[in-house]
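Biologist: I would like to learn how to read a model of this kind. Could we go through it feature by feature?

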Amino acid sequence: MATPVLDKVEAQSAASPYITVTFRVRRFNPEVSAEASWEDFQLEIDPKERVLDGLHKIKWDLDGTLTFRRSCAHGICGSDAMRINGKNRLACKTLIKDINPEKPITVEPIKGLTVLKDLVVDMEPFFQAYRDVMPFLITKETNEPTRERLQSAEDRARFDDTTKCILCAACTSSCPVFWNDGQYFGPAAIVNAHRFIFDSRDEAGEQRLEILNDKDGVWRCRTTFNCTDACPRGIEVTKAIAEVKRALITRRF
Amino acid sequence: MSTTETNASGIGPVEAGSGYSVDNPAPVIEAPRQRTKKTPKSTRGNFEMYGWLFMRLSGIVLVVLVIGHLLIQLVLDGGVSKIGFAFVAGRWASPWWQVWDLLMLWLAMLHGCNGLRTVINDYAERANTRLWLKGLLYTATVWTILLGTLVIFTFDPNIR
């Protein structure tokens, strides 16, 4: 029994699935130079593997100084959003075969945030905007409830789409309005405000709407749909922003 | 989150400013949304909302006004060759066309002005550039609206 199995494995390895791919990575090290530059790496990689696997190969086998964030490596933690072939994606959800591996694959840090080193950016402004919309349940009664806050399935479905956000910043750093001066709240903060504004259990929707009615709030959205295209979770970001706009208008009239 | 901890990691704190340090020898670009003394107070008002609404509503009205205007001036009844002093004088004798032109002037100018204001906000990066560009824009807008309104109301067909 064992022999045929072995033969099969040998036959498979003869037809190697590996292809040669060029990774063109945007490198920046403030301790060496104030300028960022492109560096090419040649890799033998299975096209069914992900961009993150390629970055791992570079870091582990070729150049240990390459710096990037990743935690879970399975598209949930939102650490490894980067600009791959000019589009914001999660490195751990992007397969090599899907992004034209015949040409060099460009990997850059996400735009609009200060680059600290290589692919690592300062996420603080992004999280500041997130904190500004108060992304937690607020109720008027101060007593601790004795049982869970119940909600109908319809009420839960109302904000289901925006609960999927993993705070990877792919949307906010794809937004041309955010690129300008970074004062705009950004799609991610609005999505997370939407998640509570339309939650029937939450009672601070009015406050959050007031925050987003700001000069740098939802009205700076130009409906370019970059955020919806960039979202690795498939959230309809622009639709959520439009719903917040509508809530702001219907609240007044 | 203590400030010493964030400084050590090289990640700029949002509440306070820090430039160079031993751990961070390269020039640091000041983080956007950083809360400094110079940061303007957030505006709590409905101006941006009304601006946004105005763009949608005036846009709908302008489609009718402008296409109607172009049809009458350039296509119907002899086209552009009929336009002369007499034609304009004849039209502005009627309050209907006075109101039409006045509405078109005001809506188009304010619509364009607000559109350019958002373009300046989106593309001008320095506060000074913004100030000057917007100053120029508002001056031009007010001047054109006032001049146009003056002409519509004081037009004298008997001028020779």
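Predicted model: local features only at pLDDT ≥ 70, side-chain atom pairs only at ≥ 80, totals over all residues.

Biologist: Is B:Asn121 buried, exposed or partly exposed?

Modeller: The way to decide is to count neighbours: 20 or more other C-beta atoms within 10 Å make a residue buried, 12 or fewer make it exposed, and partly exposed lies in between. B:Asn121 has 19 other C-beta atoms within 10 Å, so it is partly exposed.

Biologist: How far is the C-alpha atom of B:Asn121 from that of B:Leu133?

Modeller: They are separated by 9.7 Å, and the two residues are twelve residues apart along the chain.

Biologist: Which helix does B:Trp100 belong to?

Modeller: B:Trp100 is also part of helix α4 of chain B. Its count is 18 other C-beta atoms within 10 Å, so B:Trp100 is partly exposed.

Biologist: Which residues of α4(B) and α5(B) meet?

Modeller: From α4(B) they include B:Leu102, B:Leu105, B:Trp106, B:Met109 and B:Asn121. From α5(B) they include B:Leu133, B:Leu137, B:Thr141, B:Ile145 and B:Ile152. Sorted by class, the contact of α4(B) with α5(B) has eleven nonpolar, six polar and four charged residues.

Biologist: What does chain B look like as a whole?

Modeller: Chain B has five helices and zero strands, and its elements run α-α-α-α-α from the N terminus on. Of the 160 residues in chain B, 4% are buried. Among contacts in chain B with a separation of 6 or more, 49% join residues 24 or more positions apart.

Biologist: What does UniProt list for chain B as "transmembrane region"?

Modeller: The unreviewed UniProt entry lists residues 53-76, 96-116 and 136-155 of chain B under that name. Residues 53-76 of chain B are 96% helix and 0% strand, and the end C-alpha atoms lie 33 Å apart. For residues 136-155 of chain B, the figures are 95% helix and 0% strand, with 28 Å between the end C-alpha atoms.

Biologist: Now chain A. At what angle do α6(A) and α9(A) pack?

Modeller: Helix α6 (residues 187-197) and helix α9 (residues 237-252) of chain A pack at about 60 degrees, with their axes 9 Å apart. The two helices are therefore oblique to each other. The crossing of α6(A) past α9(A) is left-handed. Among the residues in contact are A:Ile190, A:Ala193 and A:Ile197 of α6(A), and A:Ala240, A:Val244 and A:Ala247 of α9(A). By class, the residues of the contact of α6(A) with α9(A) are ten nonpolar, one polar and one charged.

Biologist: How do α6(A) and α7(A) cross?

Modeller: Their axes come within 9 Å and cross at roughly 155 degrees. α6(A) and α7(A) are therefore roughly antiparallel to each other. α6(A) passes α7(A) in a left-handed crossing as well. The contact is made by A:Ile190, A:Ala193, A:Phe196 and A:Ile197 of α6(A) with A:Gly205, A:Arg208, A:Leu209 and A:Leu212 of α7(A). The contact of α6(A) with α7(A) divides into six nonpolar residues, one polar and one charged.

Biologist: What should I look for in the backbone angles?

Modeller: Most residues other than glycine have a negative phi. A:Leu167 is not a glycine, yet has a positive phi of about 55 degrees. A:Leu167 is in the loop between α4 (153-158) and α5 (176-181) of chain A.

Biologist: Is A:Leu167 buried or exposed?

Modeller: A:Leu167 is buried, with 20 other C-beta atoms within 10 Å. A:Thr223 also has a positive phi, about 50 degrees, although it is not a glycine. The loop that holds A:Thr223 runs between α7 (205-212) and α8 (226-230) of chain A. A:Thr223 has 11 C-beta neighbours inside 10 Å, so it counts as exposed.

Conventions: Residues numbered from 1 in each chain as written. Chains lettered and ligands numbered in written order. Axes fitted to C-alpha atoms, helices over the stretch in contact; angles between N-to-C directions. Helix = DSSP H or I, 4+ residues; strand = E, 2+ residues; numbered from the N terminus. Parallel < 35°, antiparallel > 145°, perpendicular 65-115°, else oblique. Left-handed = near helix turned anticlockwise from the far one by under 90°. Contact = placed C-beta atoms within 7 Å. Nonpolar A, V, L, I, M, F, W, Y, C, P; charged D, E, K, R; others polar. UniProt positions renumbered as here; feature names shortened; annotations may be inferred.
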